[in-house]
Amino acid sequence: MTTEPPTEIIPKTVLVCVNRRFRGDQPSCAQRGSEEIADAIERGIDIKVERIICLGQCKKGPTIRFAPAGRFILGTALEDVPALINELHLSLIHISEPTRL
């Protein structure tokens, strides 16, 4: 039996929850600025940004997820966007560079 080392999954899409609950006593990602965060990511890097109605984490939001199979990023603030863009940029560069032996 042969096993290959796991391959790193490179994000192709950023999912941003933009759910807005209309009851003021329930938190929502949009209420906490997720729409502005999605706009900032789109302006900062050439990657697909999908605005999703709910990622199931509004109490901890704004919520972002790198897809496919990426991690959840909870409690994101507009000030976090440059670091997220940098992380995405490094991931994209990593896959485009040839492997040197």
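A: In this predicted model, Ser34 is buried, with a relative accessible area of 0%. Ser34 belongs to helix H1. Leaving out residues up to four places away in sequence, Ser34 is in contact with Val16, Cys17, Val18, Cys29 and Pro62.

Helix H1 spans residues 34–44 and packs on the sheet, where H1 touches E1, E2 and strand E3 (64–67). The direction of H1 makes about 170° with that of E2. The sheet itself is open and is formed by four strands in the order E2-E1-E3-E4, with mixed pairing. Its edge strands are E2 (48–52) and E4, each of which pairs on one side only. Strand E1 (residues 13–17) runs parallel to E2, and five bridges join the two. Within this pair, Val16 stands opposite Arg51 in E2.

Val16, one of the residues that Ser34 touches, has contacts of its own with Ser34, Ala38, Ile41, Val49, Glu50, Arg51, Ile52, Thr63 and Ile64, again without residues up to four places away in sequence. Val16 is also a member of the largest nonpolar core, which holds 17 residues. In that core, Val14, Val16, Ile41, Val49, Ile64 and Phe66 touch the most other members. E1, H1, E3 and H2 each supply at least two residues of this core. Another core, of six residues, lies apart from it and includes Leu15, Cys29, Cys58 and Ala67.

Thr76 lies in the loop between strand E4 (72–73) and helix H2 (81–96).

Pro68 is partly exposed, with a relative accessible area of 39%. Leaving aside neighbours within four places in sequence, Pro68 is in contact with Ile9, Ile10, Pro11 and Lys12. The C-alpha atoms of Pro68 and Ile10 are separated by 7.6 Å, although these residues are 58 residues apart along the chain.

Notes. Residues are numbered from 1 along each chain as its sequence is written. This is a predicted model: local features need pLDDT of at least 70, side-chain atom pairs count only at pLDDT 80 or more; totals for chains, interfaces and linings use all residues. Side-chain values use heavy atoms; hydrogens and water are left out. Two strands pair if DSSP finds at least two bridges between them. Contact means heavy atoms within 4.5 Å. Axes are lines fitted to C-alpha atoms, for helices over the stretch in contact, and angles run from 0 to 180 degrees between N-to-C directions. A nonpolar core is a set of buried Ala, Val, Leu, Ile, Met, Phe, Trp, Tyr and Cys residues joined through side-chain atoms within 4.5 Å. Buried means under 20% relative accessible area, exposed over 50%, partly exposed in between (1.4 Å probe, protein chains only).
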